[in-house]
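Q: I have a new structure open and would like to go through it. Can we start with how the chain is put together?

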Amino acid sequence: MRRPPGNGEAASEGPGGWGLWGVQESRRLCCADHDCCQQALLQIGINMMALPGGCHQDSITLPGQRLHLMQVDSVQRWMEDLKLMTECECMCILQAKPINLEEDAQGDLILAGGPGPGDPLQLLLKRGWVISTELRRIGQKLAQDRWARVHSMSVRLTCHARSMVSEYSAVSRSSSQEIGQIEKLLMEKCSELSAVTERCLQVENEHVLKSMKACVSETLSTLGQHFGQLLELALTREVQALVRKIDASDNIYTTESTTGNLFSLTQEGAPLCRIIAKEGGVVALFKVCRQDSFRCLYPQALRTLASICCVEEGVHQLEKVDGILCLANILTDDSHPEATRAEAAAVVAQVTSPHLPVTQHLSSFLESMEEIVTALIKLCQEASSGEVFLLASAALANITFFDTMACEMLLQLNAIRVLLEACSDKQRVDTPYTRDQIVTILANMSVLEQCASDIIQENGVQLIMGMLSEKPRSGTPAEVAACERVQQKAAVTLARLSRDPDVAREAVRLSCMSRLIELCRSPSERNSSDAVLVACLAALRRLAGVCPEGLQDSDFQQLVQPRLVDSFLLCSNMEESFV
């Protein structure tokens with residue numbers, strides 16, 4: 001299930017903030033001459049049979065006969081013979097020795113298959129991941145004064161950097177004086193790092209080593225800066241080429257392929273998204289979304305835009321090209337497939353995210369807000385899948401944070417009925433992530449006095465009661481966190497709605513007070529969440545003010561009568577053990 005953009009978790013990035021670029025691959029042994037290989041394997045086999053315990057009658061053949069057998073599959077034959085030619089005493093000794101599982105002793109980082117020919121982007125990403133990982137490891141070993149490891153890893157780093165420079169020069173379209181200068185500085189610092197770490201191996205005086213450690217640290221820092229500058233410049237050149245290709249292309253297949261490459265880059269993390277936004281990626285993608293001949297590419301282009309707009313630079317570019325109006329046109333045009341409108345909703349959810357401070361200055365959004373909100377409610381109502389409903393409801397949830405006027409619009413559009421009806425439809429609402437969006441909308445709308453009557457009319461109090469019992473299915477950290485948010489926002493919604501006596505009495509009738517007390521007193525019920533505890537205490541106090549007879553004396557004296565902070569401390573200490 002896709003998570004809502006804008007209020008989900010950041011995508012995890014690899015070392016150095018550039019994303020996870022490389023995977024490891026086992027080394028391959030290559031022999032230049034097949035006949036030489038056979039002769040070498042033959043000699044190894046004869047030598048091993050001469051060892052004590054290696055005398056196996058069936059395996060002793062004349063050299064010519066063995067050579068004939070090995071011509072079928074020499075390596076496979078040799079490995080089969082090895083099973084019968086082991087030295088028992090040596091094997092026992094090997095089994096008694098521990099195997100070093102130290103992270104950096106597992107071998108060099110190896111590029112998975114290597115980038116394809118003429119693929120500078122993949123080369124930069126993979127080599128960049130390897131080098132940034134090596135830099136991080138060298139820093140760790142330096143802090144531990146592991147000078148032997150620092151030196152060996154510095155030499156390895158130099159090899160990786162030299163490989164990246166030479167390979168990129170071979171596949172890049174044109175040379176750049178600026179890139180050439182930084183490449184030279186990078187290699188000079190790599191050589192300096194290797195030389196100074198080698199000298200450190202020969203120094204025994206701790207005072208001298210301490211001063212040299214500061215020098216190594218400074219060199220490593222400067223090297224990292226040069227590497228970052230080189231990688232950013234090279235990636236910027238490649239992104240510029242992709243953007244120009246999208247902008248100039250009138251071929252649907254070329255545009256589809258190039259847009260797919262751009263989307264892949266956005267998954268590498270925020271730094272690349274900033275580069276893409278800065279180099280005109282948002283402008284080029286909205287150009288695609290305004291051409292009828294590219295209608296089939298709208299979902300892919302919009303998905304890429306949603307990824308780019310996770311950074312402020314992307315949102316700024318979106319507003320400059322009047323992207324909100326384009327999104328509104330797509331959302332309100334029923335001739336577009338549901339998938340296209342869902343991706344447009346994802347972009348809206350991203351650019352209105354409360355986590356981006358720049359969204360508060362989207363003046364163009366206010367002009368189209370009514371059309372967008374109306375289209376999103378309709379999309380929620382007609383959604384054919386949970387993912388479509390999730391994207392549309394996430395956009396609505398973020399808009400309710402964006403402007404209070406949106407809550408009044410939602411109330412007029414009968415949004416409460418649409419959302420509460422969807423909660424009984426497992427095809428549309430089937431995860432805590434989706435319920436998180438729904439309860440967010442209800443919590444923000446509950447500040448309106450008119451909201452209470454609609455909640456009661458649609459049996460909304462019972463739904464909120466059910467959200468107080470939200471439990472994760474898989475137990476993953478993301479799902480557990482989503483369940484905590486659902487419980488917290490359900491309690492907040494209940495506290496706000498309980499200003500209305502009718503809502504408070506309905507909540508008491510449905511035993512909401514008992515559930516709130518359980519959440520306060522039992523840390524396991526709220527996953528030891530302090531945010532859920534505070535929200536439940538506030539809701540319980542609001543309900544007790546209307547219907548105090550629903551509380552036992554002990555609950556009143558501990559959870560309602562004291563100051564909120566005292567009740568919080570009492571309940572939060574219940575999980576502590578003083579054994």
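Q: Of the contacts with a separation of 6 or more, what share comes from residues 24 or more positions apart?
A: This is a predicted model. In it, residues 24 or more positions apart make up 74% of the contacts in the chain that have a separation of 6 or more.

Q: How many helices and strands are there?
A: The chain has 27 helices and 0 strands.

Q: And how much of the chain is buried?
A: The chain has 579 residues, and 47% of them are buried.

Q: What about the largest nonpolar core, how many residues does it have?
A: That core has 153 residues. Leu302, Leu318, Leu327, Phe365, Ile372, Leu376 and Ile399 have the most contacts inside it.

Q: Which helix gives the largest share of this core?
A: Helix H7, residues 206-248, gives the largest share of this core, with 14 residues.

Q: Switching to charges. How many salt bridges does the whole structure hold?
A: A search of the whole structure gives 21 salt bridges. One of them joins the side chains of Glu343 and Arg303, at 3.2 Å from N to O.

Q: Where do those two sit in the chain?
A: Glu343 is in helix H14 (residues 338-351) and Arg303 is in helix H11 (residues 298-308). They are 40 residues apart, and the pair links distant parts of the chain.

Q: Is Glu343 buried or exposed?
A: Glu343 counts as buried because its relative accessibility is 6%, under the 20% cut-off. Arg303 has 29% relative accessibility, so Arg303 counts as partly exposed.

Q: Which residue forms a salt bridge with Asp425?
A: Arg428 does, with the closest N and O atoms 2.9 Å apart. Asp425 is partly exposed, at a relative accessible area of 24%, while Arg428 counts as buried at 10%.

Q: And what pairs with Arg515?
A: Arg515 forms a salt bridge with Glu525, where the closest N and O atoms are 2.8 Å apart. Arg515 lies in helix H24 (residues 512-521) and Glu525 in the loop between H24 and helix H25 (530-546), so the pair ties together parts that are 10 residues apart in sequence. Arg515 and Glu525 are both buried.

Q: Which residues are in the salt-bridge network there?
A: Lys471, Arg515, Glu518 and Glu525 are linked in that network.

Q: Now the cysteines. How many disulfides are there?
A: The structure has 0 disulfides. As for burial, Cys380 counts as buried at 0% relative accessibility, and Cys512 is buried with a relative accessible area of 1%.

Q: Last topic, cavities. How many of 30 Å³ or more turn up?
A: The search of the whole structure finds 2. The largest cavity holds about 40 Å³ of space.

Q: What lines the largest cavity?
A: Its lining is Leu124, Met164, Val165, Tyr168, Glu183, Leu230, Leu231 and Ala234. Helix H5 (147-171) and H7 are the elements that give two or more residues to this lining.

Definitions and conventions: Residues numbered from 1 in each chain as written. Predicted model: local features only at pLDDT ≥ 70, side-chain atom pairs only at ≥ 80, totals over all residues. Heavy atoms only, no water. Disulfide = S-S within 2.5 Å. Buried < 20%, exposed > 50% of the residue type's maximum accessible area, 1.4 Å probe, protein only. Salt bridge = Lys/Arg side-chain N within 4 Å of Asp/Glu carboxyl O. Helix = DSSP H or I, 4+ residues; strand = E, 2+ residues; numbered from the N terminus. Core = buried A, V, L, I, M, F, W, Y, C linked by side-chain atoms within 4.5 Å. 1 Å grid on protein atoms, 1.4 Å probe; cavity = no way out; pocket = protein on both sides within 12 Å on 5 of 7 lines; lining within 4 Å. Points joined across faces, edges and corners; volume = space filled by probe spheres on them. Contact = heavy atoms within 4.5 Å.
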